[in-house]
Amino acid sequence: MLRFPDEEIHSDMNQPASPSLFQFVLYMADNCLVLGHRLGEWCGHGPVLEQDIAMTNISLDLIGQARLYYQYAAELEGKGRTEDDLAYLRSEREYTNALLVELPNGDFAHTIARQFLFDAWHLPFLKTMLSSPDPGLADIAGKAVKEVTYHLKWSREWVLRLGDGTEESQLRMQVALDEAWMYRLELLMPAPFEQWLIDAGVIAGPDEIREEWERTITDTIREATLVLPEDPAVQTGGKTGIHTEHLGHMLADLQYMQRAYPGLEW
Amino acid sequence: MKEWPLWEVFIRSRNGLDHKHVGSLHAADWEMAIENARDVYTRRNEGVSIWVVESKYIHASDPEEQDSMFESARDKVYRHPTFYDIPDEVGHM
């Protein structure tokens with residue numbers, strides 16, 4: 001674990017050793033868990049068997065990554081909370097995932113648009129995290145980057161197939177992209193805990209990935225014969241716990257068993 | 001999506017082994033077939049290489065002709081190298 005110069009400021013017993021790192025690790029965990037849960041909602045409902053399995057595979061990859069982050073966060077916090085406590089016993093205001101990942105599945109095109117816009121950020125960001133001076137982050141990135149390389153390949157190809165497909169699929173893909181568009185930028189807008197880590201050299205800033213992120217998105221949309229959305233609106237809030245109305249419902253589902261039967265085990 | 005063609009999937013489980021037929025799936029083209037095969041048939045670490053071939057390109061022998069195709073080989077035991085004593089040192093052949 002790295003030691004940070006601001007530990008003095010946060011040295012009271014209720015604060016973790018490195019509050020920004022703890023918050024960042026939780027943020028990454030929440031992104032992965034929430035998106036993983038959304039994809040899991042497709043289980044048994046996929047458009048074809050093969051894609052049903054593809055989506056639940058990605059779901060399991062993301063939930064696996066979320067576990068690594070939650071375990072690390074619990075360790076950083078050092079207050080005896082476990083990965084399960086962090087996943088099942090925090091309210092929506094305590095979840096700090098980006099809004100994009102909590103958007104409902106919608107039709108298959110909405111799921112693809114959400115996934116593609118997330119993957120287009122996730123992969124280049126993880127690549128920078130590989131060389132983080134924080135060994136915990138670098139380790140998780142090492143495992144996740146292979147999985148996420150496949151996620152982006154999968155979601156990108158579906159944008160291409162639907163965009164450059166039938167009239168119906170193109171229309172649906174365009175609508176889905178237009179609707180998700182205003183949520184994509186939040187991932188590149190550092191929250192205070194990220195800014196602190198960027199300044200400390202622990203994680204990369206948005207400028208280090210912006211070019212690859214933008215190129216992936218614009219090239220794919222162009223190749224898919226879709227129109228680049230022009231809506232300048234940007235939705236943010238997730239990173240500070242201000243969510244869309246969708247997250248609470250999702251968490252009610254995700255956390256039901258632990259809330260109803262505290263401490264329940266398999 | 002009912003018009004997606006059927007593909008046969010062959011997986012090599014380890015380098016040095018042959019690709020083995022593991023099943024079939026639906027996909028729009030070979031690229032999707034390989035990705036689907038990856039998701040459907042290699043989730044439990046089963047493979048290092050995937051082949052797919054559209055099912056319509058596989059031509060099969062006729063089960064009706066089984067006797068004329070295969071029966072005649074059954075009584076030709078001399079085609080098996082079972083009449084030699086293999087020294088222990090040779091090991092598995």
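Q: In which loop of chain A is the place of A:Thr225?
A: This is a predicted model. A:Thr225 is not a glycine, yet has a positive phi of about 60 degrees. Its place in chain A is the loop between α9 (206-223) and α10 (245-260).

Q: Does A:Thr225 count as buried, exposed or partly exposed, and why?
A: A residue is buried with 20 or more other C-beta atoms within 10 Å, and exposed with 12 or fewer. A:Thr225 has 13 C-beta neighbours inside 10 Å, so A:Thr225 counts as partly exposed.

Q: Does B:Asn45 count as buried or exposed?
A: B:Asn45 lies in chain B, in the loop between α1 (30-41) and β3 (49-54). B:Asn45 has a positive phi of about 70 degrees, although not a glycine. Because B:Asn45 has 7 C-beta neighbours inside 10 Å, B:Asn45 counts as exposed.

Q: Is A:Leu35 buried or exposed?
A: Helix α1 (residues 19-40) of chain A holds A:Leu35. Leaving aside residues up to four places away in sequence, A:Leu35 touches A:Leu62, A:Val101 and A:Phe118. With 28 other C-beta atoms within 10 Å, A:Leu35 is buried.

Q: What separates the C-alpha atoms of A:Leu35 and A:Leu228?
A: Along the chain, A:Leu35 and A:Leu228 are 193 residues apart. The separation of their C-alpha atoms is 24 Å.

Q: How many residues of the contact of α5(A) with α6(A) are nonpolar?
A: The axes of α5 (residues 108-129) and α6 (residues 135-163) of chain A come within 7 Å and cross at roughly 145 degrees. The crossing of α5(A) and α6(A) is left-handed. The residues of this contact include 5 polar and 3 charged, and the nonpolar ones number 17.

Conventions
Residues are numbered from 1 along each chain as its sequence is written. Chains are lettered from A and ligands numbered from 1 in the order in which they are written. This is a predicted model: local features need pLDDT of at least 70, side-chain atom pairs count only at pLDDT 80 or more; totals for chains, interfaces and linings use all residues. Helices (H or I, at least four residues) and strands (E, at least two) are DSSP runs, numbered from the N terminus. Axes are lines fitted to C-alpha atoms, for helices over the stretch in contact, and angles run from 0 to 180 degrees between N-to-C directions. A crossing is left-handed if the near helix is turned anticlockwise from the far one by less than a right angle, and right-handed if clockwise. Ala, Val, Leu, Ile, Met, Phe, Trp, Tyr, Cys and Pro count as nonpolar, Asp, Glu, Lys and Arg as charged, and the others, Gly among them, as polar. Two residues are in contact if their C-beta atoms, placed from the backbone, lie within 7 Å.
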